[in-house]
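The sequence and structure come first.

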Amino acid sequence: MEVNIRKKTPHFLWRVVLPLAVGAFIYICGRNFFGWPIGPDAVPMPGWVKYNLPDGSWVFAFTNHIALIWDEGKRKNRLFWIFAPLFVAVVLECMPLFAMKGTFDLLDLLAYVAGFLGSVAVFRAVPLRKLRFRDDGIASRG
């Protein structure tokens, strides 16, 4: 199976890199790390944006990354891997309830589910198979 990197690169940038960058920006600007000049008050934002949106954005990005990799794969294998980020996130969030120290947060769980569902919605709304790239690299529906 030949992978068309040129076809997937724009999707990788806006479906994976951009959500991770936004989540990292929120995480860094919303919290004070190592005495950096950027701190909790650098960019005022609501608590759910500061604490939960970065969690949802990494699940969104991770799910999209796996969906891009497995776009051409067999359905059974593809579904297993696409659900993996949500499963890992939920298990790690629930670990403080059973096995380790930490804080369980229901809003984090909701952010994970929202990130996963958002990723699935984006992938269904703009499937890779329906996009064609011209020689100049511009996408058009085909």
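In this predicted model, α3 and helix α4 (residues 75-98) pack with their axes 8 Å apart, at an angle of about 155°. Angles over 145 degrees count as roughly antiparallel, so α3 is roughly antiparallel to α4. The crossing of α3 past α4 is right-handed. On the α3 side, the residues that meet α4 are W58, V59, F62, T63, I66 and A67. Their partners in α4 are W81, I82, P85 and A89. Sorted by class, this contact has 9 nonpolar residues, 1 polar residue and no charged ones.

The axes of α3 and α5 come within 7 Å and cross at roughly 35°. Here too α3 passes its partner, α5, in a right-handed crossing. From α3, the contact takes in D55, G56, W58, V59, F60, T63, N64, A67 and L68. From α5, the residues are D108, A111, Y112, G115, F116, G118, S119, V122 and F123. This contact of α3 with α5 has 10 nonpolar, 6 polar and 2 charged residues.

The remaining pair to describe is α4 and α5. These helices pack at an angle of about 175°, and their axes are 10 Å apart. The two are therefore roughly antiparallel to each other. In α4, the residues in contact are I82, F83, L86, A89, V90, E93 and C94. They meet D108, L109, Y112, V113 and F116 in α5. By class, the α4 and α5 contact has 10 nonpolar residues, no polar ones and 2 charged ones.

| Helix pair | Angle | Axes |
|---|---|---|
| α3 and α4 | about 155° | 8 Å apart |
| α3 and α5 | roughly 35° | within 7 Å |
| α4 and α5 | about 175° | 10 Å apart |

Two of these helices also take part in a pocket. The second largest pocket holds about 170 Å³ of space. Which helices each supply at least two residues of its lining? They are α3 (53-69) and α5 (106-125). Of the helices, α5 gives the most to this lining, with 5 residues. The lining is made up of W48, N52, L53, G56, S57, F60, L107, L110, A111, A114 and G115. Divided by class, the lining has 7 nonpolar residues, 4 polar residues and no charged ones.

Methods. Residues numbered from 1 in each chain as written. Predicted model: local features only at pLDDT ≥ 70, side-chain atom pairs only at ≥ 80, totals over all residues. Heavy atoms only, no water. 1 Å grid on protein atoms, 1.4 Å probe; cavity = no way out; pocket = protein on both sides within 12 Å on 5 of 7 lines; lining within 4 Å. Points joined across faces, edges and corners; volume = space filled by probe spheres on them. Helix = DSSP H or I, 4+ residues; strand = E, 2+ residues; numbered from the N terminus. Nonpolar A, V, L, I, M, F, W, Y, C, P; charged D, E, K, R; others polar. Axes fitted to C-alpha atoms, helices over the stretch in contact; angles between N-to-C directions. Parallel < 35°, antiparallel > 145°, perpendicular 65-115°, else oblique. Left-handed = near helix turned anticlockwise from the far one by under 90°. Contact = heavy atoms within 4.5 Å.
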